[in-house]
Amino acid sequence: MIHSLFLINCSGDIFLEKHWKSVVSQSVCDYFFEAQEKAADVENVPPVISTPHHYLISIYRDKLFFVSVIQTEVPPLFVIEFLHRVADTFQDYFGECSEAAIKDNVVIVYELLEEMLDNGFPLATESNILKELIKPPTILRSVVNSITGSSNVGDTLPTGQLSNIPWRRAGVKYTNNEAYFDVVEEIDAIIDKSGSTVFAEIQGVIDACIKLSGMPDLSLSFMNPRLLDDVSFHPCIRFKRWESERVLSFIPPDGNFRLISYRVSSQNLVAIPVYVKHSISFKENSSCGRFDITIGPKQNMGKTIEGITVTVHMPKVVLNMNLTPTQGSYTFDPVTKVQSPKIRSEQVFLQSSFCDLGTWEDRGKGLISWLKLKLLTT
Amino acid sequence: MTVGKDVSALFPDVVNCMQTDNLELKKLVYLYLMNYAKSQPDMAIMAVNTFVKDCEDPNPLIRALAVRTMGCIRVDKITEYLCEPLRKCLKDEDPYVRKTAAVCVAKLHDINAQLVEDQGFLDTLKDLISDSNPMVVANAVAALSEIAESHPSSNLLDLNPQSINKLLTALNECTEWGQIFILDCLANYTPKDDREAQSICERVTPRLSHANSAVVLSAVKVLMKFMEMLSKDLDYYGTLLKKLAPPLVTLLSAEPELQYVALRNINLIVQKRPEVLKHEMKVFFVKYNDPIYVKLEKLDIMIRLASQANIAQVLAELKEYATEVDVDFVRKAVRAIGRCAIKVEQSAERCVSTLLDLIQTKVNYVVQEAIVVIKDIFRKYPNKYESVIATLCENLDSLDEPEARAAMIWIVGEYAERIDNADELLESFLEGFHDESTQVQLQLLTAIVKLFLKKPTETQELVQQVLSLATQDSDNPDLRDRGYIYWRLLSTDPVAAKEVVLAEKPLISEETDLIEPTLLDELICYIGTLASVYHKPPSAFVEGGRGVVHKSLPPRTASSESTESPETAPAGAPPGEQLDAVPTQGDLLGDLLNLDLGPPVSGPPLAASAVQMGAVDLLGGGLDSLMGDEPEGIGAPSFVAPPAAAVPANLGAPMGSGLSDLFDLTSGVGTLSGSYVAPKARLRSGFGHTEASLSRAAPAVGHPEAGTPGRPGRVLLLIPRLTWSSPGGPGRCGPSESPLQVWLPAMKAKGLEISGTFTRQAGTISMDLQLTNKALQVMTDFAIQFNRNSFGLAPAAPLQVHAPLSPTQTVEISLPLSTAGSVMKTEPLNSLQVAVKNNIDVFYFSTLYPLHILFVEDGKMDRQMFLATWKDIPNENEAQFQIRDCPLNAEAVSSRLQSSNIFTVARRNVEGQDMLYQSLKLTNGIWVLAELRIQPGNPSFTLSLKCRAPEVSQHVYQAYETILKN
C-alpha cells in the first residue's frame, strides 16, 4: 500500500513529505529527478518509476508533482486515483492546489493526509466527510477560532461515514433549495482543410451543485439516453435503475460533485456547432509563413454561441507572430507558443503571419499546430 | 513538516499535552508521536496510558484515533500494550472503530508477525469478513490481503462460495477503495464451475460503470479471469465481451497517468482477447497533447489491432506520426509501419511505398529505422519488393547505428546477385571491421560468405580477408566460431556450404513481439497491478521474491477439486505435446541454420518470433524425447549412449563412424544438466546468439571429419541439441512394451525426473513410473494425485517408495490405477494431469495415455447385437481412417488386436478384400464398433469406426495404429 508521499514543485524542491508507515528517506526522490531530467518536458515524466527497493508513482497536477512511494505490489491505478483525490481535496479546501496554498495551510494538510489514508489504506476521501472532520479554513472561522479557542477539527464521528450513503451528511438544511447541473462537453475532432469533420468524439460530464435539505431522492432522465456509449457514475447513482429504465436515480451528495461522465463515440453522429476553416502557407525561400483560420457558427444548429476563445498552439520553432483578428482581443505568449484571441460574437477571421527561424529540415516535418475552442451554447 | 529540524527534544512536553480535550491538539500530538516515538522509545512508554484510556473513550472517533495511532508507533515495547485495547476495538460496537482496528492488525503484523498470530488476531480478522457492515468487510479483506502477501503459503483468505457471497454483497455497498480490495480478492478465487463463474461475473459487471478507474480495472481483471471458464458459445460470453469494451475506452479519457496504466493493461487484454476492442481502433489514435509515454503505448496497441479492415486508416495515421518531432516516437512509428506490412499482407505494398517516401525525407533516424523494417519485410515477402534495393543503397553512407548497418549488410548479402557492386559495398564496410559492433561484424561475415557463394570468382580475396579478420584478429568467441565454421564448410565442401548458407529461409511471422502465451495468461491474472505495467510476472521484480504466488487462469472446463488454492491449476501445457510438432529433420536443420538474420527482429528481450520459439522448443522437446528413449537413464554419464545410437540411424550410415567418434569424446564428461539447460538459457539471450550457436553446431554434425581439435567440450555440448529428431524411432525397448517417456524433466522439478508409461495386464491398468533423483539432496515422502480426467483414472494404491531416494538413484514403481475416480472431460480426451509431491515441493505435469489401456476384457459383442448396434448408430458418427504401412495379414491383425482386447466379431471376404468386424468396450462402458478393410498385398488398411461418443474415435484409431505397428 501507499508508503509515503512527497510533494515536489517545478524547481525540484521537496516541500512536503508524509509517511504513513516507516520513514522513507528523501533520497528516493533522486530516481524521480533522474527520470524528470530524462523526460525533458515536465508532462512527459513516466508515471511509474521503479527503483531498487521502491516504486514511485507520480502525477503532475497544477505544476506540482505528487510522488508516492510504494513497496509492494499495489494496483497503480489505485495509487494514481488516490493522488488525484488528494489534489482535488486540496483544491476544494484551499481554492487552489499550489505550493503557496499548501505551505500556508500546512497543519490542515497534514491533518487531511492523516485522515485520508491509514497505513496505506484510504480512510475517508469523500469531501463531505472530510469537511465534517476537518473544517475548511475561512477567514471568518479563523477569527472565531482565535476568539473562542475552538478548533477546525470536528469532534464527532461524521454521520455519513458508515451509512449506506457515505457521500451525504445528515441534517443538511437550506432556506433556498436549489440544484444546478452543468453539462460540459468536450469534442475531440479532426477537421480537414475543407472544413469537414474527419473524426469527432464527445467526452461529456455532468457536474452538479446540489443544495437541498434533508435526504432528497432525485431522478434525471435523458431525451435520448441511447446516445451515450459509455458512462461512469458517481457512486450515488443506482445502477439497477439505469440498467433497466435508463433513468438516473440518486440521493445526491451535498454541494459540488461530478454526477456522471459519458462518452459519445465517433460511430454516432457528432455535430459540431461551429465550422472551422484554415489555411497555412509558407513563403518561398524565407522562414515566414501565413496561417489563416475562420470560425463561425453553423446556421442549422439553431443555438446561439457565445464566449468563443481560440487557443492555437504553435510549434516550438515559431519565434514570433503578428496577429490580426477581425474581432476581439488576442495575446501571444512567446514561451509556450500559444496565441489566444478572445472573441465575443459570431464570426471571426484570424490572420496571423508567423516568423519561423528554424531550418528547412525542421519545417519539412510540417507545422503541427492545434487549436482549442472554448464556447458556450445556450 | 518541521522543515528538517529535529524537535525530538520536546518529547516529554508534547506528551504532556496528550490528555487534552481539544481534538485538533490531540491529533497533532499523535502526529508528533508517530514521527518521534521511534527515536525516544523509552519515553514513548509514557504515552501508553493515555492511549489505553482513549481506547475506552465514549466517543468512537477518539477510540478509533487512539487505536489507529498506536499501530503507527513502531516501538516493540508499545506493541505489547496494544494487544488488549486492539482486541476490544475489534469487537467494538461501532463499525467505524472495528474497521480502523482491522487495519491496525495489518500494521501490527508488519511490526511483529509472531505476536499477531499468537494473540489470535488473524482469526478475529477472518470473522470480520462476515461483519454486517460492508466497510468493515472491505477493510478486513484489505488487511488480510496485505498479511497474506507476506505469507504466500498461509491460507488466510479462505475463499469458499459462502464467503464469496458475502464479499459480493459487501461489494455493492462499500466505498470505492473497499471495492478495489474486494475485487482484487475475488480475482484470486477459482470458481467451481462455469455457472458460479457466470453468477460472479454478473454481479461484478455493474462495477464497470464506476467513476473510479481503479475499480473499473479491478472489475475487468475479475471478468477477464472468470471469462476463461465460460464456454465461448454461451450468449452471456458475447454480452460480456461487449460490455468490456466501453469502460476500457473510457479509461482513455482520464488523466494521462491513468491512461498510461490503462493502456499497458489494454495491451495485455488485446493480446488475450483481440475481439474485445477490434472495432475501437480510432480511440487509440494519438492525440496532439498526449505525453510521450502515452503515445508510445497507443502506437503499440494500434499495431495489435491492425487488420485488413482498418489498415488504410492506420497507415495514414502512422505516416502522419512519422513526420512528428519527437525522435523516439517517430522511430516507433516507422517501425510500426513495417510491422503492419508484416501483419496485414494486403497492406504490404502500401507500407513499402510509405517507407520509401520516408526514406526520401533523408532525415537520418527515419531512414535508418526504415531500412531496419524493410529488411523484415523482405524476409516476410521474398522476391516481391527487391526493386527498392537501389534506393536503399543510396543511403548507405548515412547509416551510423549498428542495427541499421547490420540490416543493410544483410540486405546486400542476401541479394548480392542483384546488386552489381555488392562486393564494393561490403568491402567498404570491411575497412572499419574492428570498430563495428558485434552485431554488424557477424552480419558482415555472413553476408560476405553469401556473396562468395553467389559470385565465387571475383570475391575470393574478400572472403579470405573477412575470415581471417573474424578468426584471427577478433576476441569475440561467437564471431570466431562462426568464422571457423564457415571456413571449414567452404574448404571441405562448397556445395554443402551453399546448401547450408543459402538455403530457403522460413518466413518470419507477424507475431514478433507478442508476449509468450503462458506469461500472458499469468499477467492477465495481474491486470491492474504493477506486474501489468511492467509486463513481467511479479516474481521477476518484487523484492526478495516475498509474497510471490504464481497465479494462472482457470481452465475452461471447471477444474478439479482444487478449492485448496489457486496454485494447483498450473498443470497447463502438457510437455508431451511438444513432440507432436517435430518436423522432418532435413527441413528443420535448414531452418535452424537459416535463421541467420543477425539482429533480433525487434525490441524486448522476451520477444521471440514464432519461428524462433518453435526452434528452441523443439530442441527442448527433442531432448525430452531422447531422454525418454533411454530405458534406464540413471545419471549424467549414461545419457551419452542412446543419442550415439540414435543419431546415425537418422543421418545415414556413412556418417555413423565419424559421429560416434565425436560421441566418444563425450564419455568422460558428466555435464548433462549443463547441456540440457543450454537451449532454454540461450533463448533469453536473444536471437543472434541462438542462431550463432546453431550454425556452429551444424557443420560439426554434417562433417565430423572436420572435427574441432582442441575443443571437444564445445562440440559435445552442441550435438545433443541436434539429435532431437528421433522421437520414438530407434531405441525402443520392444514391440510389446511402449517406451518410457520423460514426463517431468529434472530441471522443472528441482531435480526429480519422472518418466513412465501405461500398461494394461490381466485387466489391471498400471502406470509404470521411473523416478530419478538428479538433485543433490535425498528425496522422501512421495505421493501422487491425479486431476479429474475423462475416464476417471485414479491411483488405486498410494505411491510406495520404500526407501528415501538418494542422489542419482533411480527407482521403478508400478502404480496400479483404477477407473473409479471422478470424471471430467479433458481436452484432449486422453490427457492426464498429475501432481507428484515429495519433501521438496509439489510438481505438476500432464501426459497423454494411450486409449488401449482402457479396453476391457469383456468387449466382445454378440453378432446379432453388433449388427443391430451398427445400424442403430447414426451415420454421422462414423469416422474413417487409414492405417498405412502395416505388413500384417488379416489373421495376424486379428490376433494381435485380440491381445489388446479388440475382438473380431465376424470376418467376411468381399471382392478379394478381408473385412474384419470388431468391437471393443471402454472402461466407462462405451462400445466402439469397427470395420477394418484389408486388401491382400496392400499395406494400407481402411478403418471405419462407429461409436455413440464420436470424440473417442480419433483416439481409438491411434490405439489401433500403436498396436498394429508395435
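How many residues does the hairpin use to join strand 3 of chain A to strand 4 of chain A? The answer is in the first of these close-ups, and keep in mind that everything here comes from a predicted model.

**View 1. Strand 3 of chain A meets strand 4 of chain A through a hairpin.** The link between strand 3 and strand 4 of chain A is 4 residues. Strand 3 covers residues 48-50 of chain A, and 3 bridges tie it to strand 4 of chain A in an antiparallel arrangement. If you want a pair to zoom in on, look for S50(A), which sits opposite Y55(A) of strand 4.

**View 2. Strand 4 of chain A carries on into a hairpin with strand 5 of chain A.** This time there are 2 residues between the strands, and D62(A) in the turn has a positive phi of about 50 degrees. Strand 5 spans residues 64-70 of chain A, and 7 bridges hold it antiparallel to strand 4 of chain A. One pair to pick out is L56(A) with its bridge partner V69(A) in strand 5. As for strand 4 itself (residues 55-61 of chain A), it's mostly covered, with 6 of its 7 residues buried.

**View 3. Four strands of chain A make an open, antiparallel sheet.** Reading across, the strand order is 8-9-13-11. Strand 8 (178-191) and strand 11 (230-233) of chain A are the edges, each pairing on one side only. On average, neighbouring strands are turned by 20 degrees against each other, ignoring direction. Zoom in on strand 8 and strand 9 (residues 197-211) of chain A and you'll find 14 bridges in the antiparallel sense. Among the residues involved, D182(A) has D207(A) in strand 9 as its bridge partner.

**View 4. A helix from chain B packs on that chain A sheet.**

**View 5. Helix 38 of chain B has buried residues on one face.** Within this helix (residues 890-899), A890(B), V893(B), S894(B) and L897(B) are buried. Look down the axis of helix 38 of chain B and its buried residues fall within an arc of 95 degrees, so they line one face of the helix. What do they pack against? The list is strand 10 (903-910), strand 11 (913-921), strand 12 (927-934), strand 13 (941-947) and helix 39 (953-965), in chain B. Just past the end of helix 38 of chain B, N901(B) adopts a positive phi of about 70 degrees.

Notes
Residues are numbered from 1 along each chain as its sequence is written. Chains are lettered from A and ligands numbered from 1 in the order in which they are written. This is a predicted model: local features need pLDDT of at least 70, side-chain atom pairs count only at pLDDT 80 or more; totals for chains, interfaces and linings use all residues. Side-chain values use heavy atoms; hydrogens and water are left out. Two strands pair if DSSP finds at least two bridges between them. Axes are lines fitted to C-alpha atoms, for helices over the stretch in contact, and angles run from 0 to 180 degrees between N-to-C directions. Contact means heavy atoms within 4.5 Å. Buried means under 20% relative accessible area, exposed over 50%, partly exposed in between (1.4 Å probe, protein chains only). The arc is that of the directions from the helix axis to the C-beta atoms.
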